[in-house]
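Here are a few exercises to work through with the model open in your viewer. Try each one before reading its solution.

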Amino acid sequence: MSTGSWILLDHVVALLSIAAWFAAGVALALRRTRLTPAVLGTAVLVTLLRVGTVVMLAGRGWWFVQEKVLLGLPMLGAAGVGAVLLAGPHLLAAGRGRTVGRSVRAVVALFTAAYAALAGLVVTFLVGYPLTAGTAVITVSLVCAGALLTARVVAAPGESTAEVDVAPAPEDRRAISRRRFIAWTGGAVVVTTAGAGTGLSFLPAESVTRGGGPGRPSRAGLSVADLRGADAPAPGGTVRRHVLTAQQATVRLPSGREVDAWAFNGEVAGPALTATEGDLVEVRLRNADIEDGVTLHWHGYDVPCGEDGVPGVTQRAVPPGADFVYRFRADQVGTYWYHTHHASHIGVRKGLYGSLVVSPRAGQRADEQVDLTLPVHTFDGTVVIAARDGRTEHPAPPGAPVRLRLINTDSDPHRIVLAGTPFRLAAVDGRDLNQPGEVRDVGLHLPAGGRYDLVFRMPDRSVALVVDDDRAGGLRLRPPADASAATHVADTSGLPELDLLRYGAPAAVPFDPGRADRHFTMVLDRGIAMVNGRPAYAQTVNGRGHPGIPDQLVADGDVVRMTVVNRSLETHPWHLHGHSVLILSRDGTPSTGSPLWVDTFDVRPGETWEVAFRATNPGIWMNHCHNLPHAEQGMMLRLRYAGVTTPFGGPHGEGTAHDH
Ligand code: C2O
Ligand code: CU
């Protein structure tokens with residue numbers, strides 16, 4: 001069973017245990033002395049089952065269970081044992097036929113166990129990993145408060161009503177005042193500890209984490225504003241000049257459907273930028289009328305930091321009427337894309353994106369005869385592939401070498417199937433794989449932001465590119481003589497997914513990932529956290545939201561290792577700017593295929609990924625979930641080279657940009 005399924009099962013069992021303890025409390029309060037033992041037995045059983053699911057999860061990693069092991073289960077265990085000890089004798093006596101009165105203590109104990117079970121689950125959902133002392137104190141005091149309130153309600157029916165017109169006997173009076181005393185002091189203790197816990201949880205976090213490495217700057221006072229790209233091409237290269245104007249536009253798709261878009265030069269996707277290795281790319285970004293402002297981020301392209309297009313970190317967002325020039329040398333060959341990085345959860349979705357393809361210098365690789373760049377984007381539920389919705393046909397002569405460059409510009413993964421021909425997955429995220437074998441009848445899981453280059457020789461029959469198993473849409477490559485393009489494509493939904501960690505052949509890598517200088521762990525979850533100064537039900541990293549997540553500090557030349565753990569039930573496409581990372585393992589299983597260098601990897605529910613890279617591109621780099629709404633909801637932090645500073649404030653740059 002996958003860790004994700006165990007997480008889900010654990011939630012279900014936790015819910016059942018809450019229900020069972022409440023039911024036991026209610027049954028006893030209603031003096032259903034026959035029913036109560038059965039319900040109590042169920043509660044105990046379900047609680048033991050819960051211990052089982054937590055033990056299973058613990059086997060998958062401490063991150064998945066920390067708050068359950070340290071708080072949830074001990075709290076429930078203590079309350080549950082107390083409840084059994086108090087209710088048990090009472091129920092036994094009743095079972096033997098003796099007439100028994102109400103057992104206030106037993107009822108309160110059963111409800112307290114229910115509160116403890118509930119509190120444990122609430123902590124899991126609202127706080128998660130890591131558990132803090134503040135959270136533990138607040139939780140325990142809330143459960144105690146629940147117990148006190150319950151005691152009051154159960155013990156004193158009608159006490160405060162006017163029906164009591166007879167003066168109580170002296171011993172009753174003493175009992176009442178004792179009870180009041182307990183209630184008041186208990187209440188005071190609960191309020192004080194809860195307050196202390198809240199105070200604890202507002203202690204400011206460290207602004208920097210060093211991942212076990214030193215904190216000293218490797219160089220002093222380098223500003224990202226000075227980390228700009230080259231201003232001339234490599235010898236033999238040319239300058240590729242483009243102007244991209246961001247504007248609101250109504251775009252008409254081939255089906256006739258109109259999209260209310262934000263577009264570069266009025267097109268979605270924006271202009272397809274191409275270059276040859278060594279060329280100088282120079283792009284002038286103009287903002288016509290996007291009120292929020294725009295930038296250009298070169299996704300997956302390891303440009304100098306000052307060209308990275310992150311507002312508040314590497315530049316200011318470009319307001320309407322203004323412009324900004326990006327300049328960098330096309331030193332990386334492959335399939336990339338660009339998009340706005342300002343309010344990108346809106347801007348990219350509305351269309352501010354386009355492709356960037358860099359070809360090798362002539363003679364280094366035979367040009368494919370059919371070479372299609374295919375950004376896949378969803379506009380209001382309609383999948384658009386390279387500016388076309390519905391089914392698209394493209395001619396391809398039999399025998400022609402074909403390259404399809406798929407780019408996922410959405411925030412969710414896409415499933416890609418190529419039907420009708422064997423093919424190779426030649427490149428992932430722009431980087432060539434080592435000896436990619438021929439495959440067929442497989443599904444490809446393309447993460448948000450990711451790119452796959454599919455290559456094959458055109459057969460003499462049609463080939464279908466199917467996205468998300470929608471056989472009616474997608475792309476058809478058709479040899480001129482084949483009239484059958486429109487005909488049947490078999491159901492693709494059952495095809496197995498190609499595992500990239502076992503695809504291709506291993507090869508040497510340029511550093512020893514086992515000897516990392518720094519190691520950072522990022523536990524992804526949902527929880528209550530501050531996001532941009534406001535409390536929110538956030539997408540969190542180690543329990544915090546942007547910009548309150550500590551910067552990861554590295555030094556030039558470090559080998560950096562990252563562990564990314566997904567505790568949540570959603571997929572998180574993890575993306576680091578400025579570097580590609582080498583995949584080491586997933587869920588503890590090492591990568592055994594081709595070295596896999598990516599800029600975005602999908603961490604699915606319950607998964608744990610290990611990746612590594614060498615820090616050779618100084619700057620301040622965003623490190624975030626590429627489900628862009630998630631990033632906006634807090635799942636974003638910065639990787640910062642020691643000694644690098646930014647002069648730009650703003651949504652991504654707030655907080656500390658200095659070393660301790
Ligand atoms: Cu493609 Cu920070 O993003
Ligand atoms: Cu995410």
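**Exercise 1.** Where is leucine 45 found? Keep in mind that this is a predicted model. Then work out whether leucine 45 counts as buried or exposed.

*Solution.* Start with the secondary structure: leucine 45 sits in helix α2. Next, take its relative accessibility, 58%. The cut-off for exposed is over 50%. Leucine 45 therefore counts as exposed.

Now look at its surroundings. Val44, Leu45, Leu48, Val51, Val55 and Val84 make up a nonpolar surface patch, and together they have about 490 Å² of accessible area. Helix α2 (residues 35-60) supplies the largest share of that patch, 5 residues.

**Exercise 2.** Which residues coordinate the copper ion (ligand 2), and how are its donor residues spaced in sequence?

*Solution.* First list the donor atoms: ND1 of His572, SG of Cys625 and ND1 of His630, at 2.0 to 2.1 Å. Along the sequence, the donor residues of the copper ion (ligand 2) follow the pattern H-x52-C-x4-H. Histidine 572 belongs to strand β27 (residues 572-576) and cysteine 625 to strand β33 (residues 620-625), so this pair ties together parts 53 residues apart in sequence.

Finish with burial, which means under 20% relative accessible area. Histidine 572 comes out at 0%, so it is buried. Cysteine 625 is also at 0% relative accessibility and counts as buried.

**Exercise 3.** What should helix α4 (residues 104-126) span, at 1.5 Å a residue?

*Solution.* The span is 1.5 Å times one less than the number of residues. For the 23 residues of α4 that should give 33 Å, and the end C-alpha atoms are 32 Å apart, which agrees. After α4 comes glycine 128, with a positive phi near 70 degrees.

Note on methods
Residues numbered from 1 in each chain as written. Chains lettered and ligands numbered in written order. Predicted model: local features only at pLDDT ≥ 70, side-chain atom pairs only at ≥ 80, totals over all residues. Heavy atoms only, no water. Patch = residues over 30% accessible without salt bridge, like charges linked within 9 Å, V, L, I, M, F, W, Y side chains within 5 Å. Areas by Shrake-Rupley, 256 points an atom, 1.4 Å probe, with all protein chains shown as cover. Salt bridge = Lys/Arg side-chain N within 4 Å of Asp/Glu carboxyl O. Helix = DSSP H or I, 4+ residues; strand = E, 2+ residues; numbered from the N terminus. Buried < 20%, exposed > 50% of the residue type's maximum accessible area, 1.4 Å probe, protein only. Donors = N, O, S within 2.8 Å, 3.2 Å for Na, K, Ca; no water.
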